[in-house]
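The sequence and structure come first, and the description follows.

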Amino acid sequence: MSDDFEVVDSEKIFDGAVISVRRDTIRMPDGSTADREIVDHPGAVGIVALDDDDRVVMVNQYRPALRMRLDELPAGLLDVDGEPALDAAQRELAEEASVQAGEWHVLLDLHTSPGFSDEAIRIYLARGLSDVGRPDGFVVEHEESSMSVTRVSLAVAVQRVQAGEITNAAAAAGIVAAALARASGWQGLRPADAPWPGRPRR
């Protein structure tokens with residue numbers, strides 16, 4: 001249980017534009033201590049946007065950490081103070097794919113790298129899609145300036161995950177979860193405003 005572990009000291013060792021890094025000293029259940037370097041992350045949202053023809057909206061963009069382009073879901077950081085996760089997802093879908101949705105549900109919640117980061121991402125299922133202009137004031141820049149948007153059938157997207165062609169963790173999990181949800185007749189989906197207990201409090 002987590003009560004058996006105690007953080008006895010914490011020191012911020014890096015503070016960046018998006019992430020920060022801290023060093024926690026943790027007392028283990030046997031009384032020993034160990035230092036752990038933790039990446040603090042603001043959290044993120046991703047969207048499986050599924051159209052009436054069972055096609056998933058995908059974006060392709062360059063990822064500097066990997067020095068390559070990846071096929072991903074529309075997604076973004078929770079980096080606007082006070083913005084609810086659902087509002088962020090709706091904004092990101094419009095910004096990245098020029099799409100809005102009439103029906104929203106929570107598909108799944110993920111901790112992407114819990115061994116060293118508190119990053120949590122909520123994946124939404126968005127249906128009832130229609131085209132929309134990008135939000136007022138949104139400026140395309142940096143990696144997003146070369147981002148492309150396509151639609152891929154859900155079945156093909158699952159095959160691409162299995163083939164190792166879609167490797168972004170949130171995209172792979174979201175696509176497979178959407179396929180499972182569809183096969184069950186969309187049973188068990190949570191409402192779009194469902195509590196998110198796994199997201200770290202800032």
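## Overall architecture

The protein chain contains three helices and eleven strands, where helices (H or I, at least four residues) and strands (E, at least two) are DSSP runs numbered from the N terminus. Read from the N terminus, the order of the elements is β-β-β-β-β-β-β-α-β-β-β-α-α-β. The radius of gyration is 18 Å, close to the 17 Å that the globule rule gives for 202 residues, so the chain is as compact as a globular protein of that length. This radius is taken over C-alpha atoms, and the rule is 2.2 Å times the number of residues to the power 0.38. Along the principal axes, the C-alpha atoms fill a box of roughly 55 × 40 × 35 Å.

## Basis of the model

This is a predicted model, in which local features need pLDDT of at least 70, side-chain atom pairs count only at pLDDT 80 or more, and totals for chains, interfaces and linings use all residues. Residues are numbered from 1 along each chain as its sequence is written, and side-chain values use heavy atoms, with hydrogens and water left out.

## Burial and contacts

Of the 202 residues in the protein chain, 42% are buried. Buried means under 20% relative accessible area, exposed over 50%, and partly exposed in between (1.4 Å probe, protein chains only). Contact means heavy atoms within 4.5 Å. Among contacts between residues at least 6 apart in sequence, 59% join residues at least 24 apart.

## Helix 3 and its surroundings

Helix 3 (residues 169-183) has 15 residues and reaches 21 Å from its first C-alpha to its last, close to the 21 Å expected at 1.5 Å a residue. The expected span is 1.5 Å times one less than the number of residues. The buried residues of this helix are Ala170, Ala171, Ala172, Gly174, Ile175, Ala177, Ala178 and Ala181. They pack against strand 4, strand 5, strand 6 (68-72), strand 8, strand 9 (120-131) and helix 2 (154-162).

## Two loop residues with positive phi

Most residues other than glycine have a negative phi. Aspartate 54, although not a glycine, has a positive phi of about 60 degrees. The loop that holds Aspartate 54 runs between strand 4 (44-49) and strand 5 (55-63), and the residue is partly exposed, with a relative accessible area of 23%.

Serine 98 is likewise not a glycine and has a positive phi of about 55 degrees. Serine 98 lies in the loop between helix 1 (85-97) and strand 8 (99-111), where its relative accessible area of 24% makes it partly exposed.
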